[in-house]
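Work through the exercises below with the sequence and the 3D structure in view. Try each task before reading its solution.

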Amino acid sequence: MLRSILNRLFGMIAVMALVVTIVFVIVRVTPGDPAAVMLGPDATAADVAALRSRLGLDQPMVVQFGRYVLGVVQGDFGQSIFLNQPVTTALAQRAEPTFFLTVFSLLIATVIALPVGILSAYKRGSAFDQAATTLAMFAASVPSFWLGLLFIQFFAVKLGWFDTSGYGGPGASFLERLNHLVLPALALGLVSSALITRFARASMLDVLNDDYVRTARSKGMSEWRVVLKHALKNALIPILTVIGLTAALLISGAVVTETVFGLPGVGSLVVSAVLRRDYPVIQGALLVIAGLYVLVNFAIDMLYLAIDPRVRY
Amino acid sequence: MAAVSAPLQSEPGLVARLMGRPTSGVGLIVLVLIALAALLAPWIAPYAPAKLSVAHRLEPPTLQHLFGTDDLGRDVFSRMLYAARTSLSVAFAVVVFSSIVGIVLGLTAGFFKKLDTPVSRLVDAMMAFPDILLAIALVAALGPTAVNVVMALGIVYAPRLARVVRASTLVIRELPYVEAARALGVPTPVILVRHVLRNVASPILVQGTFIFANAILAEAGLSFLGVGISPDIPTWGTMIAVGRQYMDQAGWIMMFPGAAIVITVLALQLVGDSLRDLLDPRLAKDI
């Protein structure tokens with residue numbers, strides 16, 4: 001047990017180290033001088049040189065990397081070029097809309113996907129199963145930003161039920177902010193429900209053929225108890241895994257969806273950072289999000305270890 | 001996930017078998033039609049894609065302009081045909097590029113035991129980045145051109161393929177015929193290409209179809225955000241970005257390109273799903 005935990009922990013640290021390295025390298029693949037690219041064609045040579053020394057780009061690569069790693073370990077992701085504030089502050093200020101958007105989308109996706117997936121597996125091959133499977137595939141084919149635009153057009157512009165964009169003013173109440181999150185969360189949640197539906201169906205199918213399900217049935221247990229108590233309990237671990245991973249993937253969807261709905265979250269921060277070539281912000285966002293993904297993965301592995309005694313790493 | 005399936009060569013008429021299923025049959029026909037439309041765009045487009053006509057701006061669909069006109073009076077239908085060329089060829093190039101990188105990484109990790117851990121860790125680390133976000137960062141660093149979008153998305157999707165190839169290679173490596181080839185002194189590169197690669201072709205084909213679908217969505221997302229291919233070049237994503245500004249008055253500008261994306265991606269998924277059933281019976285229940 002301890003060995004498994006240490007093995008996994010070591011693996012996670014190795015992956016984290018690689019993530020930091022990749023994030024460091026990404027900016028260095030820029031053709032030409034990153035400082036010159038960031039400042040644009042109108043910058044003077046003196047400005048470029050000043051930025052170069054501010055970012056430490058005039059140091060040898062090894063020193064740059066060492067400094068970067070040292071900073072990251074201490075929670076210092078550098079200074080945003082355009083916002084004139086530390087990257088961590090910029091990210092923290094934008095975290096709320098992204099957090100709620102991700103949570104609500106995940107909630108919507110799960111509430112739709114779990115029952116549909118379970119019923120689909122239980123009635124395998126039925127008209128319901130076929131319809132659900134086709135619908136899930138359809139949902140996975142719709143670009144979330146396009147669906148978002150359609151929602152804005154219909155629910156906000158035509159029906160006037162919601163605001164078309166934004167997150168309310170600085171003093172907006174939580175309820176008002178919630179109102180701003182409904183459409184983006186719905187667009188993102190519907191699109192993401194596809195993956196969870198298919199996984200829930202597959203895991204249930206796996207379990208429904210197992211011996212203990214047959215035993216439970218032969219004992220004369222009622223069908224819904226067999227399915228919901230015995231089968232679902234065992235299918236839940238892989239389903240939880242995919243829900244956890246969907247949470248991480250949702251952040252990717254949030255980048256585009258936030259832009260469509262004008263939500264001031266991490267996603268729109270990244271997009272504006274890209275348009276302004278604000279590399280420290282891009283790096284910081286990548287690092288935080290990839291780090292979260294690795295941590296979620298690690299947590300899931302530990303969960304497996306705790307729940308299933310057969311699992312060893 | 002590991003599954004060794006029958007080699008492609010022993011499946012006569014794979015296309016025929018795909019056509020035999022209602023879902024993939026429809027999917028395949030739709031894909032061929034869309035590909036033909038893209039290929040023949042210069043001949044079937046009623047107008048030049050960049051032909052301006054301010055007098056006819058924001059006109060709703062009519063017989064003259066099947067899908068209406070955009071803010072500069074350009075024919076939306078003609079532009080969509082040309083956009084299909086860009087969107088499809090970028091996505092296809094992503095599949096090719098990510099396959100090459102993914103196969104090299106996967107074969108290396110699966111075949112050479114000593115390299116497995118470092119390569120797999122690298123793949124794990126790459127998978128930690130959400131696809132669009134990593135692609136945005138890469139395009140930001142490399143510059144917003146079509147070639148760089150292909151490279152960025154190729155790098156993003158390569159790890160997925162690497163995982164599939166590694167898993168299959170791990171199984172094939174231990175099979176008697178590989179051992180026999182090794183005992184006979186067949187050079188390793190030959191073993192890798194002739195014996196291993198040939199047998200992982202099916203999972204690569206299946207995965208490639210899904211990467212194709214994802215790449216279309218991702219490229220559209222990047223172009224929509226204005227951080228992908230230059231906004232001047234018509235792609236389905238850039239057309240939606242333009243249409244967004246005129247959503248109230250001229251919904252058709254963004255409706256049709258969006259529908260094109262949905263139809264194309266759905267068709268690819270239908271075909272991919274059937275391919276998986278036909279080629280990888282053991283994979284069929286996953287995902």
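The exercises that follow concern a predicted model and go from the single chains to the contact between them.

**Exercise 1.** Describe the secondary structure and the extent of chain A.

Solution. Start with the element count: chain A has 12 helices and 0 strands. Next, take the dimensions along the principal axes, where the C-alpha atoms of chain A fill a box of roughly 85 × 60 × 35 Å. Then turn to burial: of the 313 residues in chain A, 40% are buried. Last, look at contacts with a separation of 6 or more; in chain A, 72% of these link residues 24 or more positions apart.

**Exercise 2.** Find which parts of chain A touch chain B, and say what kinds of residues they supply.

Solution. First count the residues on each side: 44 of chain A are in contact with 40 of chain B. Then assign the chain A side to elements; those giving two or more residues include α1 (2-28), α8 (174-208), α10 (223-261) and α12 (279-307) of chain A. Finally, sort this side by class, which gives 36 nonpolar, 5 polar and 3 charged residues.

**Exercise 3.** Describe how α10(A) packs against helix α6 of chain B.

Solution. Two packed helices are described by the angle between their axes and the distance between the axes. Here α10(A) and α6 (residues 131-142) of chain B meet at an angle of about 60°, and their axes are 6 Å apart. The residues that make the contact are A:Ser252, A:Val255 and A:Val256 from α10(A), with B:Asp131, B:Ile132 and B:Leu133 from α6(B). Sorted by class, this contact holds 4 nonpolar, 1 polar and 1 charged residues.

**Exercise 4.** Locate the largest nonpolar core and follow one of its residues.

Solution. The largest nonpolar core has 177 residues, and A:Val19, A:Val270, B:Ala135 and B:Ile136 have the most contacts inside it. Helix α4 (residues 76-111) of chain B gives the largest share of this core, 17 residues. Now follow B:Ala135: leaving aside residues up to four places away in sequence, B:Ala135 touches B:Ala152, B:Leu153, B:Val156, B:Ala218 and B:Leu222.

How values were computed
Residues numbered from 1 in each chain as written. Chains lettered and ligands numbered in written order. Predicted model: local features only at pLDDT ≥ 70, side-chain atom pairs only at ≥ 80, totals over all residues. Contact = placed C-beta atoms within 7 Å. Helix = DSSP H or I, 4+ residues; strand = E, 2+ residues; numbered from the N terminus. Nonpolar A, V, L, I, M, F, W, Y, C, P; charged D, E, K, R; others polar. Axes fitted to C-alpha atoms, helices over the stretch in contact; angles between N-to-C directions. Core = buried A, V, L, I, M, F, W, Y, C linked by C-beta atoms within 7 Å. Buried ≥ 20, exposed ≤ 12 C-beta atoms within 10 Å, placed from the backbone.
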